[in-house]
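Me: I would like to learn how to read some features of a protein model. Could we take them one at a time?

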Amino acid sequence: MYRIIIPKIVVKELSDINRKDQRLIYKKLKDLEAGNFANDKPLKGRYKGKFRKRAGDYRIIYLKENNILLITIIRIAHRKEVY
């Protein structure tokens, strides 16, 4: 079980998303909390060291710290805007 940290700015981004997509994103966040990293991809370039999880047309960008079982959500945004 991982601990997830969601900064206030990410909560604001999430509140601007419609309810249907919010539910899907919350489900994906629960998957992250449970340690389900299936189909997550490591990012390249300036985001090296971070990962992405797909949630429909949205992407959850996160940083996983192995030693302490901590996941920090960096951003939640539409796939056109996230990178």
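Me: In which strand is Thr72 found?

Reply: This is a predicted model. Thr72 is found in strand E5.

Me: Is Thr72 buried or exposed?

Reply: Thr72 counts as buried because its relative accessibility is 18%, and the cut-off for buried is under 20%. Leaving aside neighbours within four places in sequence, Thr72 is in contact with Ile5, Ile61, Tyr62, Leu63 and Glu65.

Me: Which residues of the largest nonpolar core touch the most other members?

Reply: That core has 15 residues, and the ones in question are Ile25, Leu32, Ile60, Ile71, Ile73 and Ile76. Two or more residues each come from helix H1 (8–15), helix H2 (19–34), strand E4 (58–65) and strand E5 (70–78). There is also a second, separate core of five residues, with Leu43, Ile61, Ala77 and Val82 among them.

Me: What is Ile71 in contact with, leaving aside its neighbours within four places in sequence?

Reply: The contacts of Ile71 are Tyr2, Arg3, Ile4, Ile5, Leu32, Phe37, Tyr62 and Leu63.

Me: How is a pair of aromatic rings described?

Reply: Two values are used, the distance of the centres and the angle of the planes. Here the count comes to three aromatic pairs. In one of them, Phe37 and Tyr62 have ring centres 6.3 Å apart and planes at 25 degrees, so this pair is stacked. Phe37 lies in the loop between H2 and E2 and Tyr62 in strand E4, so the pair ties together parts that are 25 residues apart in sequence.

Me: Which ring forms a stacked pair with Tyr62 at 5.7 Å centre to centre?

Reply: That is Phe51, with 25 degrees between the planes. Phe51 lies in strand E3 (residues 51–55) and Tyr62 in strand E4, so this pair joins parts that are eleven residues apart in sequence. Tyr62 is buried, with a relative accessible area of 1%, whereas Phe51 counts as partly exposed at 22%. Tyr2, Phe37, Phe51 and Tyr62 form one aromatic cluster.

Me: Where does the charged end of Lys64 sit?

Reply: The charged end sits over the ring of Phe51, 5.3 Å from its centre. Lys64 also lies over the face of Phe37, at 4.2 Å from the ring centre.

Notes: Residues numbered from 1 in each chain as written. Predicted model: local features only at pLDDT ≥ 70, side-chain atom pairs only at ≥ 80, totals over all residues. Heavy atoms only, no water. Core = buried A, V, L, I, M, F, W, Y, C linked by side-chain atoms within 4.5 Å. Buried < 20%, exposed > 50% of the residue type's maximum accessible area, 1.4 Å probe, protein only. Helix = DSSP H or I, 4+ residues; strand = E, 2+ residues; numbered from the N terminus. Contact = heavy atoms within 4.5 Å. Phe/Tyr/Trp six-rings, centres within 6.5 Å; stacked < 30°, edge-to-face > 60°. Lys NZ or Arg CZ within 6 Å of the ring centre and 35° of its normal.
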